[in-house]
Amino acid sequence: MTAAADHPERLVTAGDVAMYSAQALLVAGMFGKVATTAMSSLSVLGTKAAERSKTLAELFPDLPTWWIPESTEAFIAAAALMAAGLWVRYVGRRYQRVFGL
């Protein structure tokens, strides 16, 4: 038997870690989008000329924001990570049912 079939709880745990990591990334990205939109709106209200929307790195230069998804591609990657985690968890649960572990 393979290692996955011998210890399907490892697959379930790996799937959970991937899903929870993706959820954290997506929530952080949504908060980041709200923050950049709010700051952009406030800057437009304060001045006559519209400024370009800033990134989180420009808004918070002292904080490590490299891990927060800001683009559509990054959100798609986080959603793909969540889908992969869901699939791995599903496979682990199926192994547990089939092999009775």
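I call a residue buried when its relative accessible area is under 20%, exposed when it is over 50%, and partly exposed in between (1.4 Å probe, protein chains only). My notes concern a predicted model, where local features need pLDDT of at least 70, side-chain atom pairs count only at pLDDT 80 or more, and totals for chains, interfaces and linings use all residues. Residues are numbered from 1 along each chain as its sequence is written, and side-chain values use heavy atoms, with hydrogens and water left out.

**Entry one: T65**
I looked up T65 and found it in the loop between α3 (56-59) and α4; helices here are DSSP runs of H or I with at least four residues, numbered from the N terminus. T65 has a relative accessible area of 11%, so it counts as buried. Which residues does T65 contact, leaving aside its neighbours within four places in sequence? I noted L56, A57 and F60, with contact meaning heavy atoms within 4.5 Å.

Next I followed α4, residues 72-99, which has 28 residues. From first C-alpha to last, α4 reaches 40 Å, close to the 40 Å expected at 1.5 Å a residue (1.5 Å times one less than the number of residues). I listed A78, G85, V91, G92 and Q96 of α4 as buried. After α4 comes G100, with a positive phi near 65°.

I counted 1 aromatic pair. Y95 and F99 form this tilted pair, 5.8 Å centre to centre with 45° between the planes. The rule takes rings of Phe, Tyr and Trp (its six-membered ring) with centres within 6.5 Å; planes under 30 degrees apart are stacked, over 60 edge-to-face, and the rest tilted. Both residues lie in α4, 4 residues apart, about one turn of the helix. Y95 is partly exposed because its relative accessibility is 30%, and F99 is partly exposed at 37%.

Note on methods. Helices (H or I, at least four residues) and strands (E, at least two) are DSSP runs, numbered from the N terminus.
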